[in-house]
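Hi,

Here is the structure I said I would pass on. Have a look at it first, and my notes on what turned up follow below.

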Amino acid sequence: MTETLGKTGTLVREVAGTTHAPPPPGRRRRRAVAEEPGKPWMIRVPLFLYLLFTLIPFYWMLVFAVRPSGSTQLVPWPISFEHFDTVWNDIGFGIFFYNSVVMGLGVLVFVTILSVMGGYALARFKFRGQRVFLLAMLCSQFIPGAMMLIPLFVIFKGIGLLNSITGLVIAEVAFQLPLSLILMSGFIRNISVELEEAAMVDGCSRLRAFFAVVLPQLKPALVAVGSFAFIGAWNQFLFALMFATRQDKFTLPVGLSYTLGEFNTDFGALAAGGVVAAVPVVLVFAVVQRFLVQGLSAGAVKG
Amino acid sequence: MRKLLVAVAAAALALSACSSEGGGGTDGNVTITFWDNNGGPAREPIYKELISRFESANPNIKVEYVGIPSASVQQKYDTAIAGGETPDVGGVTTSYLAHLVGQEALAPLDDRINSGPLKDKLLPSLVETVRQTAPDGKLYIVPSSANMDIIWYRTDWFKDAGLEAPKTWDEFITTAEKLTDTGANKYGYTIRGGAGSVFQLITEAYAYSGVDNFFKDGKSTLNDPANAELVDKVADLYKKATPEADVNNSFTQMIAQFTGGSVAMMHHNLGSYSDVTKALGDKVAAMPLPVGPSGKRTVVPNPTDGFAVFKNSENQDAAWKFAEFLTSAESNSYWNEKVGQIPANTDVRSAAWIDTAAHVKMALGVLEDPATILVPAPVYLPQYSSITKTESEPQYQKVLLGELTGQQFLDDMAKKLTEAEKEWEERK
């Protein structure tokens with residue numbers, strides 16, 4: 001849900017940009033010319049409808065969250081924060097939120113650093129078994145998390161990582177790393193080796209050349225990989241639910257499912273919890289979407 | 001240097017001793033973990049209150065409460081069993097009890113119940129349901145409360161139309177038709193056609209047919225012609241006395257239609273008590289499922305809720321003490337009054353709140369009536385839920401849409417159930 005919002009946001013921006021800016025060269029221009037006879041509204045109206053379609057559920061969530069229970073107003077006024085009070089203080093979303101933030105940041109940091117390091121190695125060095133390694137990385141994506149649940153549970157129990165955010169971070173990093181690694185090595189491959197070599201001719205060590213030349217150009221990639229890592233961790237439900245046997249280690253998705261009882265659901269609390277869970281993701285996308293479009297298109301077109 | 005090393009080692013030892021949680025300390029204090037199988041803001045405060053009462057009565061036992069979201073509780077238990085991290089006490093319902101017993105995760109409670117104050121104090125029909133769920137007939141949970149299928153109806157609509165609550169299915173059907181006014185968007189009944197539909201349909205079918213056992217000579221009785229008759233009768237009501245959207249109704253939509261005021265009668269269970277009364281106040285009441293032409297009252301019991309002591313627990317005595325406390329007359333009364341379900345402890349029968357909670361009194365009356373025949377669904381069959389949910393719910397929608405007859409629909413399901421039962425008997 002949250003990802004769609006991000007995608008919609010970027011999509012709208014991108015299209016708005018292309019209609020005003022001169023069309024980019026190459027194949028895209030030819031296509032743009034073929035579509036030229038269309039009027040702006042032919043793009044805007046469908047896009048606006050699509051935007052409505054994605055935003056209405058969010059509007060409903062907001063309405064449910066801020067109107068008092070029992071009310072059926074479509075435009076809630078006066079706004080009531082009773083549901084937020086319930087979820088934050090009574091249900092414990094304060095703790096869940098903290099846990100989710102710590103976990104999200106941990107995953108972000110480790111996935112970004114490790115994928116830059118590994119991605120660089122994959123892009124710049126040739127080593128025996130490289131293809132096999134890449135293939136194995138890709139194949140690991142086919143394994144559903146549920147299958148790893150019990151083995152991981154047993155291992156984590158053995159080394160005392162149950163009921164800890166550290167354990168969740170390790171598990172989530174392990175699951176996210178392969179794809180991030182492949183993405184990152186694609187980005188790095190697109191940065192010309194010549195620049196690096198030039199820096200080394202000028203006396204840089206490989207490490208310094210990396211920091212001086214490669215890393216600045218990797219910004220969009222770092223943002224793309226980092227934000228997806230964060231959001232992936234933010235939405236992680238299964239591990240968070242299974243590895244925590246103490247309520248003070250629950251994360252937000254677990255907290256949300258906690259508001260859904262077998263016989264009664266407090267829709268106000270559920271919606272308020274949903275808002276609490278969605279806001280950081282929306283903020284992340286609002287801040288990084290500019291870089292994200294750069295990052296994604298850089299990977300897509302040149303790759 | 002050596003001294004330092006020794007000191008460090010001693011400190012480490014002391015630390016690791018402290019951090020071994022849950023175990024019995026040398027001072028006799030124990031901490032036990034309790035998993036609530038339907039955790040959430042609605043039930044957590046009730047348990048918290050009971051736990052604080054328990055802790056003040058037993059100062060050497062601490063109870064750690066963990067609420068598990070009800071949708072994931074079975075998976076959570078399975079993972080915990082596989083990983084050897086089960087709680088000491090847990091809420092368990094008969095719907096997945098057989099599964100847990102099959103993994104040898106629970107301790108039988110017969111002896112503990114019979115040697116304590118709970119002896120002969122538990123509603124026999126519930127005890128029987130629990131016994132029938134375990135392959136060896138032992139009691140692996142101490143039942144705490146029961147739910148029952150009932151029909152919620154709008155007393156104000158009935159009064160305006162000069163109608164009485166129907167007693168038989170035929171009356172029920174004519175009542176539903178009489179209360180329908182499609183022009184005014186008023187319908188007599190709402191059918192659950194979406195998720196969870198078939199379980200409700202089965203209880204209706206057995207209530208109608210009066211067939212008193214799920215299997216006869218190893219063969220499923222589900223496709224009994226009388227059961228099929230009921231399915232067809234319900235399907236006939238579709239669109240005539242029910243909203244057209246019913247074919248996709250799950251619990252949420254069904255209850256939204258009812259509390260929204262467009263439906264006169266809804267088949268659900270006691271669990272929706274707080275939702276319906278919050279929306280409709282005293283304009284709603286409960287009646288038992290009507291009886292069929294046989295005149296016999298057959299009830300397919302809902303899953304029974306209870307507490308289990310886990311075999312892996314190092315503090316089984318303390319765990320049992322807590323389970324026993326939760327099912328004692330006082331706690332059981334407090335708990336069931338809050339959630340509006342049938343108390344398992346028979347001493348609660350005389351509690352004052354039962355007289356004011358008409359729906360509980362009615363349901364209790366049905367369960368205590370010697371003429372009532374319990375027909376427990378074979379929830380012990382591992383395939384039961386996939387047969388009645390995944391495989392059958394879409395088929396039932398076809399029945400509602402008139403693409404399949406009730407008999408064809410039940411024949412198919414009965415065949416699968418018979419096979420599953422045969423497999424079960426062979427393995428036993």
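A definition before anything else: pLDDT is the predictor's confidence in each residue, on a scale from 0 to 100. You'll want that in mind, as this is a predicted model. Over residues 8-25 of chain B, pLDDT stays under 50. For that stretch the model has ten contacts beyond four places in sequence, a contact being heavy atoms within 4.5 Å. Chain B as a whole has a mean pLDDT of 90, with 94% of its residues at 70 or more. The scores for the model are ipTM 0.76 and pTM 0.80.

On to the interface between the chains. Chain B puts 32 residues into the contact and chain A puts in 26. Between them, chain B and chain A bury about 2400 Å², and carbon and sulfur atoms give 58% of that area.

Which residues form a salt bridge here? B:Glu64 pairs with A:Arg246, and their closest N and O atoms are 3.9 Å apart. The rule finds one salt bridge across the interface of chain B and chain A. It also finds nine residue pairs in polar contact across the interface of chain B and chain A, both residues being at pLDDT 80 or more.

On the side of chain B that touches chain A, the elements giving two or more residues are the strands β1 (30-39) and β2 (61-69), plus the helices α3 (73-83), α11 (251-259) and α12 (273-280) of chain B. By residue type, this side of chain B has ten nonpolar, 16 polar and six charged residues.

Next, chain B on its own. Domain 1 of chain B brings 19 residues to the contact, and domain 2 of chain B brings 18.

The two domains of chain B bury about 1400 Å² between them, with 76% of it on carbon and sulfur atoms. Which three residues supply more than any other three of the area that domain 1 of chain B buries against domain 2? They are B:Asn147, B:His359 and B:Met362, and they supply 37% of it.

As for specific pairs, there are zero salt bridges between domain 1 and domain 2 of chain B, and two residue pairs in polar contact, both residues at pLDDT 80 or more. On the domain 1 side of this contact, α4 (94-102), α6 (124-133) and α16 (358-368) of chain B each give two or more residues. Of these, α16(B) gives the most, with five residues. That side of domain 1 of chain B divides into nine nonpolar, ten polar and no charged residues.

Now chain A, where the domain assignment gives domain 1 (42-79) and domain 2 (92-295). Their C-alpha centres lie 31 Å apart. Four residues from domain 1 of chain A and seven from domain 2 of chain A make the contact.

The buried area between domain 1 and domain 2 of chain A is about 420 Å², 90% of it on carbon and sulfur atoms. A:Met61, A:Phe64 and A:Ala65 supply 83% of what domain 1 of chain A buries against domain 2 of chain A, more than any other three residues.

Two bits of backbone geometry to finish. A:Trp77 and A:Pro78 are joined by a cis peptide bond, with omega about 0°. A:Pro78 is found in the loop between α3 (40-66) and α4 (82-91) of chain A. In chain B, B:Asp120 has a positive phi of about 60° although it is not a glycine. You'll find B:Asp120 in the loop between α5 (110-114) and α6 of chain B.

Cheers

Definitions and conventions: Residues numbered from 1 in each chain as written. Chains lettered and ligands numbered in written order. Predicted model: local features only at pLDDT ≥ 70, side-chain atom pairs only at ≥ 80, totals over all residues. Heavy atoms only, no water. Buried area = accessible area lost by both parts, 1.4 Å probe. Salt bridge = Lys/Arg side-chain N within 4 Å of Asp/Glu carboxyl O. Polar contact = N/O pair within 3.5 Å; in protein donor to acceptor, adjacent residues only side chain to side chain. Helix = DSSP H or I, 4+ residues; strand = E, 2+ residues; numbered from the N terminus. Nonpolar A, V, L, I, M, F, W, Y, C, P; charged D, E, K, R; others polar. Domains from an automatic or database assignment.
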